[in-house]
Amino acid sequence: MESARENLERYLEIEDILNRFFGLFDFCLKGCVLPELERNGNQPFAACCKDRYYKVYDLEHPSFDLLREKRESLYGTPEDVTDSSLISPCEYHTSTGCVLSTCKSPICLAFMCRKSIDALRDGYGIYTYDYLGFNYALEWILTGDMSLAEYEEFRQSCLDMIDTVETTSAVAG
Ligand code: SF4
Ligand code: SF4
């Protein structure tokens, strides 16, 4: 059994890879946030952050405690966030979106809505992204229920998605 700290290190490595993937895919800003701001006259909106997801789905587990401690050391406690947007119940949601560039909870990191999943399928031919499956995989990394071999396979599948997005974008010019 790996230690809670080792589990967290693996989780943060996958978060870094997924952040690269989402950065390349870039659907939330272009396909959701900007069109909605144009439609509503630049009024801030909560998009999919409609609860304190960093809290409601997290498990009672030492690795989750470590994740929260690292998050709060970098971004403050939820109560410390002075510019919460109030349009979302989540304190980490400000007028420019989520302040957590890293150390998100599994559900926050994994979530993709239906229209973003459709864009991934239609734009890049990636059919393997199942957000609940990714959420559970991220939870298992944190709890240590994912073996090292499974972790390496999962990590590679995330890197493969990056390759697919990059290759498709390069072909499209
Ligand atoms: S996941 Fe969906 S609802 Fe949430 S910001 Fe992205 S496109 Fe918008
Ligand atoms: S922590 Fe960030 S991603 Fe999660 S619900 Fe709050 S604002 Fe949304």
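Author: Gladly! Along the sequence, the protein chain follows the pattern α-α-α-α-β-β-α-α-α-α. Please keep in mind that this is a predicted model.

Reader: What makes up that pattern, counted by type of element?

Author: The secondary structure of the protein chain comes to eight helices and two strands.

Reader: How do you know whether the radius of gyration of the protein chain agrees with that of a compact globule?

Author: We set the value against the globule rule. For 173 residues, the rule puts a compact globule near 16 Å, and the protein chain has 17 Å, so the two agree. As for its extents, the C-alpha trace spans about 50 × 45 × 20 Å along its principal axes. Buried residues account for 21% of the 173 residues. Among contacts with a separation of 6 or more, 76% are between residues 24 or more positions apart.

Reader: Why is Ile141 called buried?

Author: The cut-off is 20 or more other C-beta atoms within 10 Å. Ile141 has 26 other C-beta atoms within 10 Å, and therefore it is buried. You will find Ile141 in helix H7, residues 131–143.

Reader: Which residues is Ile141 in contact with, leaving aside its neighbours within four places in sequence?

Author: Those contacts of Ile141 are Asn7, Arg10, Tyr11, Ile14, Met146 and Tyr151. Take Asn7: the C-alpha atoms of Ile141 and Asn7 are separated by 5.9 Å, although the two residues are 134 residues apart along the chain.

Reader: Which members of the largest nonpolar core touch the most other members?

Author: That core has 21 residues, and those touching the most other members are Tyr11, Leu67, Ala137, Leu138, Ile141 and Leu142. At least two residues of this core come from each of helix H1 (4–25), helix H3 (53–56), helix H4 (62–75), helix H5 (106–110) and H7. H7 gives the largest share, five residues. Not counting residues up to four places away in sequence, Leu138 touches Tyr11, Ile14, Pro106, Leu109 and Ala110. There is also a second, separate core of five residues, including Phe21, Phe25, Met161 and Val165.

Reader: Which residues are around ligand 2?

Author: Tyr53 is one of them; the others are Cys49, Tyr54, Cys90, Tyr92, His93, Cys98, Leu100, Lys104 and Cys108. By type, this shell divides into eight nonpolar, one polar and one charged.

Reader: How do the residues of the shell around ligand 1 divide into nonpolar, polar and charged, and what makes up that shell?

Author: The shell around ligand 1 has eight nonpolar residues, two polar and one charged. Ligand 1 is surrounded by Phe27, Cys28, Gly31, Cys32, Ala47, Cys48, Phe111, Met112, Cys113, Lys115 and Ser116.

Methods:
Residues numbered from 1 in each chain as written. Chains lettered and ligands numbered in written order. Predicted model: local features only at pLDDT ≥ 70, side-chain atom pairs only at ≥ 80, totals over all residues. Near = placed C-beta within 6 Å. Nonpolar A, V, L, I, M, F, W, Y, C, P; charged D, E, K, R; others polar. Helix = DSSP H or I, 4+ residues; strand = E, 2+ residues; numbered from the N terminus. Buried ≥ 20, exposed ≤ 12 C-beta atoms within 10 Å, placed from the backbone. Contact = placed C-beta atoms within 7 Å. Core = buried A, V, L, I, M, F, W, Y, C linked by C-beta atoms within 7 Å. Rg over C-alpha atoms; globule rule 2.2 N^0.38 Å.
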